[in-house]
Amino acid sequence: MSAILTAMAGKAARLAGWGGHSVAAHETLGEDLRALTDGAVISRGLGRSYGDSSLPPADRPEAVNTTRADRLLGFDPATGRLRAEAGLSLLEMNRLLLPRGWFTPVTPGTQFVTLGGMVAADVHGKNQHVAGNIGHHVTRLEMRVADGRVLWCSPDENEDLFRATIGGMGLTGHILQVELTMVRIPSRWIWQVTERAVDIDAFEATLARAAREWPMTMGWIDCVSGGDALGRGVLIAGRWAEPHEAPAHPPRTLPRPRLPIDFPRWVLSPVTMRVFNELIYRKPWSAQAVVDPKSFFYPLDAIRDWNRMYGKPGFTQWQGLIPRAAGKGAARRILEVLSRRGAASFLTVIKDCDRDGVGVLSFPGKGITIALDIPMRDNTQAVIDELNETLIDLGGRIYLAKDSLTRPEHFRAMEGPRLDEFERIRRRWDPHRRLRSAQSERLGL
């Protein structure tokens, strides 16, 4: 069999992000990333970025799919140092290393991402206020840069390329190998606590207190109910359970049902979203429990193709960082945009952050993030515009791994000097802008 295969179905072939945003394009697959990436404009892994960041531009409708280059090349149990090809999935990393007492230092909300994609998006998780982003734990990257060279970069070698690649959404080169440091864990279980908060102001205070006490925190908030209940929700915090707290048996692997069809549009109406949010808030949460790490870190992974609940139009996710300097009431302003426009978010997640990323365009910083899942409707662009304008006024920024609708002028207003630095580095390594994506074209990068 040829080492390189092209996946396409005639002229109708399309590639899509997780939110349903698609382009007419195909992807090339194979085990040899060096061969695959020669002359390619963008790489992608398992397609879990929500918008168009892993989709190729219209004039070069081909992306390299990295998922067959998935070998674990080395692991040192004395130091936790791991080296692997960029297409290795987090699912496979967890399968191999979690039973041996090791876990990724930072994990996003799904296991269905590749190591290269995690670096390109500089993913963060429930422990951002303690452990930062994945980029804080990456020691070296092997890359193919725009002029065809294959080289290594790190904090000590080609340092500017290293910083621009972490969180650079694949625009500085193709990641071939990743070296990072894993963390030792005391058991395969999580000690979890939960607590309700009556509105967004109370939730912010509860989240800040929990961040001082727990290494992992996040919350679900209700942005459908208005008035005094706006932003009410449930805080979920945790830590790895100690051996004496954990069950003797390992967590069970349960079947994952698949969502078989695209839901009709009426299923996610404002009424059904309001009912869903009420049920989640009233659910009899256990104040303390020992839980499976899959249910703690990856609850949505329990249902395959869960994005189909948004129907054929799909959805967009908007995630914004609200800096602490914005002061009290800033998060309420974001939720009031949704309330005022009647744009319900089916699932809204809030996290505490306390570390700036090492990447030039790394998303998190000191503040809180709010992530909204918004069904695609006639007014969705206007909703995103107002959310972004409000965020700019607060001094915040968006997460490119989730974005599909931000306007270039809004993005530049958010990023300012950071974007100037990124573009200076990118011009050095790719003066002819050979590496591009549908997102970079949309944003004028």
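Me: Are the helices α9 and α10 roughly parallel or roughly antiparallel to each other?
Reply: Keep in mind that this is a predicted model. The axes of α9 (residues 330–341) and α10 (residues 380–394) come within 10 Å and cross at roughly 160 degrees. Angles over 145 degrees count as roughly antiparallel. So the word for α9 and α10 is roughly antiparallel.

Me: And α10 with α11, roughly parallel or roughly antiparallel?
Reply: Helix α11 covers residues 408–415, and its axis comes within 10 Å of the α10 axis, crossing at roughly 20 degrees. Anything under 35 degrees counts as roughly parallel. That makes the α10 and α11 pair roughly parallel.

Me: Which crossing is left-handed and which is right-handed?
Reply: Take α9 and α10 to start: their crossing is right-handed. For α10 and α11, the crossing is left-handed.

Me: Glu-423 forms a salt bridge with Arg-412, so is Glu-423 buried or partly exposed?
Reply: The closest N and O atoms of Glu-423 and Arg-412 are 2.8 Å apart. Glu-423 sits in helix α12 (residues 417–429) and Arg-412 in helix α11, so the bridge ties together parts 11 residues apart in sequence. Arg-412, at 34% relative accessibility, is partly exposed. Glu-423 has a relative accessible area of 18%, and since under 20% means buried, the answer is buried.

Me: How many residues apart are Asp-262 and Arg-308?
Reply: These two form a salt bridge, with their closest N and O atoms 3.0 Å apart. The pair links distant parts of the chain: Asp-262 is in the loop between β16 and α7, while Arg-308 is in the loop between α8 and β18, and the separation is 46 residues.

Me: What about Arg-95 and Glu-92, which helix do they lie in?
Reply: Their side chains meet in a salt bridge at 2.7 Å, N to O. Arg-95 is exposed, at 52% relative accessible area, whereas Glu-92 is partly exposed, at 27%. They are 3 residues apart, about one turn, and both lie in helix α2.

Me: Where is Asp-305, the residue with a positive phi although it is not a glycine?
Reply: Its phi is about 60 degrees. Asp-305 is partly exposed, with a relative accessible area of 21%. Its place is the loop between α8 (293–297) and β18 (315–323).

Methods:
Residues are numbered from 1 along each chain as its sequence is written. This is a predicted model: local features need pLDDT of at least 70, side-chain atom pairs count only at pLDDT 80 or more; totals for chains, interfaces and linings use all residues. Side-chain values use heavy atoms; hydrogens and water are left out. Axes are lines fitted to C-alpha atoms, for helices over the stretch in contact, and angles run from 0 to 180 degrees between N-to-C directions. Helices (H or I, at least four residues) and strands (E, at least two) are DSSP runs, numbered from the N terminus. Angles under 35 degrees count as roughly parallel, over 145 as roughly antiparallel, 65 to 115 as roughly perpendicular and the rest as oblique. A crossing is left-handed if the near helix is turned anticlockwise from the far one by less than a right angle, and right-handed if clockwise. Buried means under 20% relative accessible area, exposed over 50%, partly exposed in between (1.4 Å probe, protein chains only). A salt bridge is a side-chain nitrogen of Lys or Arg within 4 Å of a carboxyl oxygen of Asp or Glu.
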